[in-house]
Amino acid sequence: MAIALGIDLGTTNSCAAVATPTGVEFILGQRAERVHPSVVAFPATGGVVVGADAKRYRLTEPHHVIHSAKRFIGQNIRAPLVQLALTGIRYKVTEGPNQQPIVVVRDRRMTMPEISSHVLLYLKRCAERQLGESVNDAVVTVPANFTDAQRQATKEAGRLAGLNVMRLINEPTAAALAYGFGRNQDQLICVFDFGGGTFDVSILRINGEVFEVLASDGDYFLGGDDLDRALAEVLAAECNRTLQFDPRQHPVLMMKLMMGAEAIKCHLSANDAAEGEIDGIDLPNGTTGSLPFSLTRKQFEDMISGYINRTIEVTKQVIAQAGLLPSDISDVLCVGGSTRIPTVRQRLADTFHREPNIKINPDEVVAQGAAIQAGSLSGSIIAGTGMGARDAVMTEAHSPLIYGGATIPKGPLARPVLLDVNPSTLSVQTAGGYAERLLDKNSPIPIERTRVFTTARDNQTRVEIDCCRGESRRYTENEPLGHLLLEGLPPKARGDLKIEVCFRVDADGILHVRASDVDSGARQEARLQVFGAPTAGEGT
Amino acid sequence: MSLRTDVLLWAQRVIARKGSAPHVLLEIDEKSTAVQVQEAFHKIARTSHPDLHRHGLTPDELEMVTSAYATVAGAYQQMRSAAMQTTRIRPLKSDDLQKLGAPDPRTIAPPDKKLASGSTAPGEVRPIIRDDPRHVTPPGGTRAGSTPQAGARVVRVRASTDSDVRPPKPTRPGAGHTRPGTGSDPPTNAPKPASVSATGSQPPTGATPSVPFTPSLPPQTAAQSMSSKALLYYRKAELCLKRGDLRGAVLQLKLACAADPSSSFLRTALAEVETEVRKNP
C-alpha cells in the first residue's frame, strides 16, 4: 500500500504527517523538529536551503530568503491587498505573465508555486528518509477561503515537487477531522484557525463519521505575521526615538526587529511582561547600538486589539451564516500558533461562554487531519489516528481492525466522510451587468448546478460567459474568476436560444464551467480560462 | 460486492432523475424538515460519497458516482437554503407593529374588539413574518403581494426549472397574471366573497389584489358583508387609518355607507371611527 502524506503547507510553518495503524507519525526535520519553517533561501554559495536552516539566512541575506510565499500564491499581483503585503517583504517580486507575482532571486525568476514546491519537496525528502520508502501521494491543506486560482497554484506546487496531490482539504476541516475522528458523537463544533498568515473559522457538524461544514469564512491576509509587524513598527518608532535612527529604511534591521517582535510575542503569551534589549543594531555612525524595550502583556494586547476584533467579528458572522447561536456550539478548537495568545482565547471564551479546547496542539493538528484523510483516500489502516481515539471511552471500534481496499466495515468506525463547502458564491455575468448566482456560498462540495440562459440580442452567434466569485449582485463588484467563449451558435431571435451553463466544484474546491447550446445537435462546449492561475494555457 | 452495485444503482437512479425537484433527488418527502433533509444527505454521503469508492470502481463508474453525488449535493443545498429562509422566526415585538404602519391601538381598538370576538383571525401572526410592510401598495397593483425576498426566491426557482430564462428580470409577471390596469381591477375581483376569503389567507406570492395587513378587521367578514364598491371605499378607509388620518377615514367610510346602505358592519365601523375623532380633535 502506497504511503500518502498529509501536509499542512502554512504561511510561516509547515508540518507533515503520515497515518499509521497505531497513530499519526510526524515527519521530522534534521534536528528532529516536527514543525518546519516555510522558508526557502538561495544563499550566495549556491543551492537551495529549506526549513530551519533557511531561516538563519534571514539576517545575513534578507533579499534572498523567500518567506510567506503562501500570501502570494495564485494571487493577482495588482490586487490591493497583495500590494500591501509586498511592502512587508524584503525579497524582490515583479509582475509576470497573467498578472502573477514572480520572485526574482539572483537573476532567477521563479513563480510562487515553484517556491512552495521547494518546501513540499523538502518535506517529501524528509518523509522518504524517515520512512525508508518513496512517497508519491499527498493531501495538502489550504485555507478554507482560498480562491480557485490559489488552489490550482497549490496543486501545481505539489506537481512540481513530484507529488500526486490526491486532495486539497481546508485547514479547519482537517483540524476537525483530527479532533473528531473516532469520537462517534453528534456535535457542533467551531474551528478557529488563526495561523501565521491566514485566518479561518468553520462551523462543523460531526455526525459519527460524517464531517459536514455548515459555514466557513475567513481572511487570508490576517495572521501572526501582522501581529509581529504591528509590534515591530512600535519597536522601530522606539528605536527612532531613543537612538535617533529610523530603521524602517533598512531591511536587515527591520528583519531583526521582526524577529525580536516574534520572540516578544511568544514570551508575552506565557508571561505578563517582557523586558530586554535587541542587540546588534548597526548605527549610521559606524557603532553598534542596542534597543532596550519593556512591554507588558496589556500593552501588547492593546496594540493587536484591532486584529483580534476582526477575528471575533468574522466568527460571529459565520455562526449566523450557519443559522446557529454561539450557545449551540459544543466545542471550540483553537488551531494555529496565534491562538496561543491569551487574549485570543479570552475573547473566544467570552463569545461562546465556554473555554476553548486547548488540549490539541495548534501547530500539528491540521497535518494530523490531513494525514488521516490521506490514509483514508489511499486505503491505509487509519483506526486510532484521531484524537477521539485518545479521548473517547475504549469500545470495540478501537480494536485494531484492518480496513483495506473497498471493504468498508459496517462497524462504527468507518472511513471519515468530509463534506466541505465552497467558500464564496459563484456567479455568471448576465445582460445588464448583474451577477446571476449559480452556486451559493457554503454549499457542499463536490456540487453541480446547471442553469439555462438565453441570448440578449437577435442573431447572436457567440456568447461570452464571465464567471466571478463574491456576494454582490453586480458583476463588477465581485472578483472575476475567468471567462469562456461559446462560438458558432445558430443565429436566432433573442430568447430562442438555450444555453446551458453547468458549474461544478470538485472535491478540491476548484471550479469547472461547461457551457453548451441545448438545441443544436452537436453540443458545443467551452472551458474556463482562469485569471491569475499559474498554468494559464491549460485551463481547468 | 453488494456495496458496489448499490452505489451504482443509486447513481443511475439519480442521473435518470436529473433536473427533477430536489426532494426527488434526495429521495425524501417534499415537506421534510431541515433536520430530516440533513439526515437524508448524511445517509447518502455515508454510502455514496465518491471518496469512499476510490478503490472499488472503474474511472468511468467513479465519474458517474461523482456526478450523481454532485447533483444531489446541489439539491441538498437548494432544500437547505429554502429551509433556512422559512424556518427562522422570532418573537414579535411591539416595535414590529409600528414598523408595519399599524394605526394607534387606541384608534382601532373598538372595531377590533367587536369583530375579534366574533372571528379570531387565523393568520394573524403570519403576515407579520412574511409580508414586507414597506411594500404595501394601494389596491390597484397586482405586484403588491410579492415582497422582494419572495420575488427573488420565486425567480431563482423558476430559472432553474423554466426553459426560457432571462434571469436579471426579477419582476417578470407569471403567465396568466394580468397586468395592473389591463384586466380586472380589484373592486371587481373583490365582490366574490369566496375568492377574497381564499386570497386573503394565502401567502403573498400570488397576485393577491392587495389584501394588505388588516389589523382591525378580518377581510372575510368585511368582504362578505358589503358590496364591491363599498369594499373599495372601505379599503381606502383602512389605508387612511394606517396613515393615522382619521378624518379621511371618516370620509371614506361615509362614502362606503352611501354605496351600501344596508351594511350594518360599515355603519358600526363609521360610528366607531367618528367616536375616535370626537375623542381626539
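**Note on a predicted two-chain model**

1. Strand β9 (residues 101-105) of chain A pairs with β10(A) in the antiparallel sense over four bridges, where strands count as paired if DSSP finds at least two bridges between them, and where helices (H or I, at least four residues) and strands (E, at least two) are DSSP runs numbered from the N terminus. Within this part of the chain, A:Val105 stands opposite A:Arg108 of β10(A). The model is a predicted one, in which local features need pLDDT of at least 70 and side-chain atom pairs count only at pLDDT 80 or more, while totals for chains, interfaces and linings use all residues. Residues are numbered from 1 along each chain as its sequence is written, and chains are lettered from A and ligands numbered from 1 in the order in which they are written.

2. The sheet to which these strands belong is open and has three strands in the order β8-β9-β10 of chain A, with antiparallel pairing. Its edge strands, each pairing on one side only, are β8 (92-95) and β10 (108-111) of chain A. Neighbouring strands are turned by 40° against each other on average, direction ignored; axes here are lines fitted to C-alpha atoms, for helices over the stretch in contact, and angles run from 0 to 180 degrees between N-to-C directions. Helix α4 (residues 112-131) of chain A packs on this sheet, touching β9 and β10 of chain A, and its direction makes about 85° with that of β10(A); a contact requires that the C-beta atoms of two residues, placed from the backbone, lie within 7 Å.

3. For chain A as a whole, there are 12 helices and 27 strands, and buried residues make up 50% of its 540 residues. A residue is called buried if 20 or more other C-beta atoms lie within 10 Å of its own, exposed if 12 or fewer, and partly exposed in between, with C-beta atoms placed from the backbone. Among contacts in chain A between residues at least 6 apart in sequence, 67% join residues at least 24 apart.

4. Strand β1 (residues 4-8) of chain A is mostly covered, since five of its five residues are buried: A:Ala4, A:Gly6 and A:Asp8 point one way, and A:Leu5 and A:Ile7 the other way. Five bridges join β1(A) in parallel to strand β11 (residues 137-142) of chain A, and four bridges join β1(A) in the antiparallel sense to strand β2 (residues 13-20) of chain A. A:Asp8 stands opposite A:Thr141 in β11(A) and opposite A:Cys15 in β2(A). With four residues between them, β1(A) and β2(A) form a hairpin.

5. Helix α7 (residues 224-243) and helix α8 (residues 251-270) of chain A pack at an angle of about 115°, with their axes 8 Å apart. The residues of this contact divide into 10 nonpolar, one polar and four charged, where Ala, Val, Leu, Ile, Met, Phe, Trp, Tyr, Cys and Pro count as nonpolar, Asp, Glu, Lys and Arg as charged, and the others, Gly among them, as polar. The buried residues of α8(A) include A:Met254, A:Leu257, A:Ala261 and A:Ile264, and what covers the buried residues of this helix includes α2 (57-60), α7, β16 (273-282), β17 (288-296) and α9 (297-321) of chain A.

6. Some backbone values in the loops deserve a look. A:Gln244, in the loop between α7 and α8 of chain A, has a phi near 50°, a positive value in a residue other than glycine, and A:Gln244 is exposed, with 9 other C-beta atoms within 10 Å. A:Asn442, in the loop between β21 and β22 of chain A, has a phi near 65°, again a positive value in a residue other than glycine, but A:Asn442 counts as buried, with 23 C-beta neighbours inside 10 Å. The loop between β21 (434-439) and β22 (447-453) of chain A also holds A:Pro446, which is joined to A:Ile445 by a cis peptide bond with omega about -5°.

7. Between the chains, 30 residues of chain B are in contact with 32 residues of chain A. On the side of chain B that touches chain A, the elements giving two or more residues are α3 (34-48), α4 (59-87) and α8 (148-161) of chain B, and α4(B) gives the most, with 11 residues. The residues on that side of chain B divide into 13 nonpolar, 12 polar and five charged.
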